[in-house]
Structure formats: structure tokens, C-alpha cells
Amino acid sequence: MKDYSIDKVFIKERMTKGKFAGGAVSFKLEAAIQLIDHLDVSLLTPAKIKAALSEHPMPVLFSETGLKVFQEAAFTVAYVGHMSHEA
Amino acid sequence: MKICGVELTGSDAVVCLLNHDQGQFNLPDCRVRKLGLNRAYNRREFQQFQFGFSKLMKDYSIDKVFIKERMTKGKFAGGAVSFKLEAAIQLIDHLDVGLLTPAKIKAALSEHPMLLSVSLTMIRGNLIYLIVECGSWGSTGHTTVGSFNNSSLGSRS
């Protein structure tokens, strides 16, 4: 984060229980990221992401970005982060 | 050596301090029994939890922290918040944190049976002396005297 001088980090929130709950290790990673000093970290719920996407549709197709497929969720969160920051 | 045992339940960290010095155990007084977290997803609250835990360990000059490990999946898996608390404790600088699986705890207890039942430590009064066979606390094999100094619960009537 420092090397790329990141201003803000957004994490996609996972459910804490139920069928689609996140894994135990993912919550430990989340804690580790949140506890980094001088780093502005926020969480985005899937509902918020969905709402932001319907309000500001994605301007490009994901396949055109050249990113790896597994980065799609992270890319979406970053986009939504920008949209909610400007709004 | 002063050890702090931690059990993570729900969104709380239950703590217990235990001191072992020259064959004697005692339960040092502690200002809190558990540290809680109201909103686990609030970053500031989370940082406050870590700061509070770190301060507690420093104030009581704890040498080592042991956390009871929970399963990561399955029916008896620990809660999401408990894993966040575990990470927060493990990431405290200059704090020696270890994890103990329930299996390890069971094995150690069968090898070194607890001198007192937990309910006995609630007994009014300050000192309970026990004469125990060594073997559990030393390797020399002779008889030694262990004592429980229950300062934290002794003042209760």
C-alpha cells in the first residue's frame, strides 16, 4: 500500500454466519488489514456494491481490462469505492 | 512466569492470569475478566480492543499469552468475530502469543492433572495449600508443596 501510495482500501464484506459465510482465515486477514497503522480501511457490503453498480453502471467490460479473472471482485470493489467516495 | 489464558467466545475475549513460580501457582488479581467488542466491523473500535489488550498485558507484565484454538470449519467452528480478535491479539508487537488446540489441552491435563477444581478456587479465604506428588511439576520425583494463592477471589464473601 505504501509503495503504490494508496489513499484508501475497500474490503468486500462477507457474511459472518450462514451458508455463504466467509472463511475463518479471511476474517483474520481482514483484521490484519484493518489494524495497519495510517491506512484508511472501509468495508463494503454486497448490498451496497449492488446498489452502487445499478446507480453507476460499470463503464468498461471486465474482459477488456486485461485483469485476471480472480481479480474481478476486487476490481468491482475498487470501482464502487470510487463511486461511493465521489457521491 | 506469568501466563494469560484467553478463550474467545462470540465477540469477547475472556482472560485469566496464572502465575507459576518455584512450584507455586497463584491467580494474580486482574482488573477485567473479559474484553469485549461491540461492533466488530468498526475499525476504530477494533483498534481500541487491540490497544486495550496490549495495555492489559503490559500492565500485568505478562510473559506469554495462550489462546484456545477453535476449529475453522464444521459444526463447532468458531465465530467470524473470534477469528478477527485472534488476529488482533496475535498482531500485537512484542507479545508472545501461542495457540493451544483442544486436543493438546486435553493431553496436557491428563499428563498433569489440575491441582484444584475450578470451583474450589472460589473458596473464601486466601490460601489453599496442597501437598502434591511431584512428577507433574518437576522431574526429580520427590514430593513438593504447591499452593494456590487466590488473591482475586479471596476478597469475595
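Visitor: Which residues have the most contacts inside the largest nonpolar core?

Guide: Keep in mind that this is a predicted model. The largest nonpolar core has 26 residues, and those with the most contacts inside it are Cys4(B), Val6(B), Phe49(B), Phe53(B), Met57(B), Val65(B) and Ile89(B). Two or more residues each come from strand S1 (2-9), strand S2 (12-21), helix H1 (43-59), S5 and helix H2 (80-90) of chain B.

Visitor: What makes a set of residues a nonpolar core?

Guide: The residues must be buried, of nonpolar kinds such as Val, Phe and Ile, and joined through side-chain atoms within 4.5 Å. In soluble globular proteins, nonpolar side chains tend to be buried together. As for Phe53(B), beyond residues up to four places away in sequence, its partners are Val6(B), Val15(B), Leu35(B), Val65(B), Ile89(B), Ile92(B) and Leu95(B).

Visitor: Why is Lys68(B) called partly exposed?

Guide: Its relative accessible area is 37%. Buried means under 20% and exposed means over 50%, so a value of 37% makes Lys68(B) partly exposed. Lys68(B) sits in strand S5 (residues 64-68) of chain B.

Visitor: Which residues is Lys68(B) in contact with, leaving aside its neighbours within four places in sequence?

Guide: They are Val6(B), Glu7(B), Leu100(B) and Ile105(B). Gln48(B), 20 residues apart from Lys68(B) in sequence, lies 22 Å apart from it in space, C-alpha to C-alpha.

Visitor: What makes the pair Glu86(B) and Lys28(A) a salt bridge?

Guide: The cut-off is a Lys or Arg side-chain nitrogen within 4 Å of a carboxyl oxygen of Asp or Glu. For Glu86(B) and Lys28(A), the closest N and O atoms are 2.6 Å apart, so the pair meets the cut-off. The count between chain A and chain B is two salt bridges, and seven residue pairs are in polar contact, both residues at pLDDT 80 or more.

How values were computed
Residues numbered from 1 in each chain as written. Chains lettered and ligands numbered in written order. Predicted model: local features only at pLDDT ≥ 70, side-chain atom pairs only at ≥ 80, totals over all residues. Heavy atoms only, no water. Helix = DSSP H or I, 4+ residues; strand = E, 2+ residues; numbered from the N terminus. Buried < 20%, exposed > 50% of the residue type's maximum accessible area, 1.4 Å probe, protein only. Contact = heavy atoms within 4.5 Å. Polar contact = N/O pair within 3.5 Å; in protein donor to acceptor, adjacent residues only side chain to side chain.
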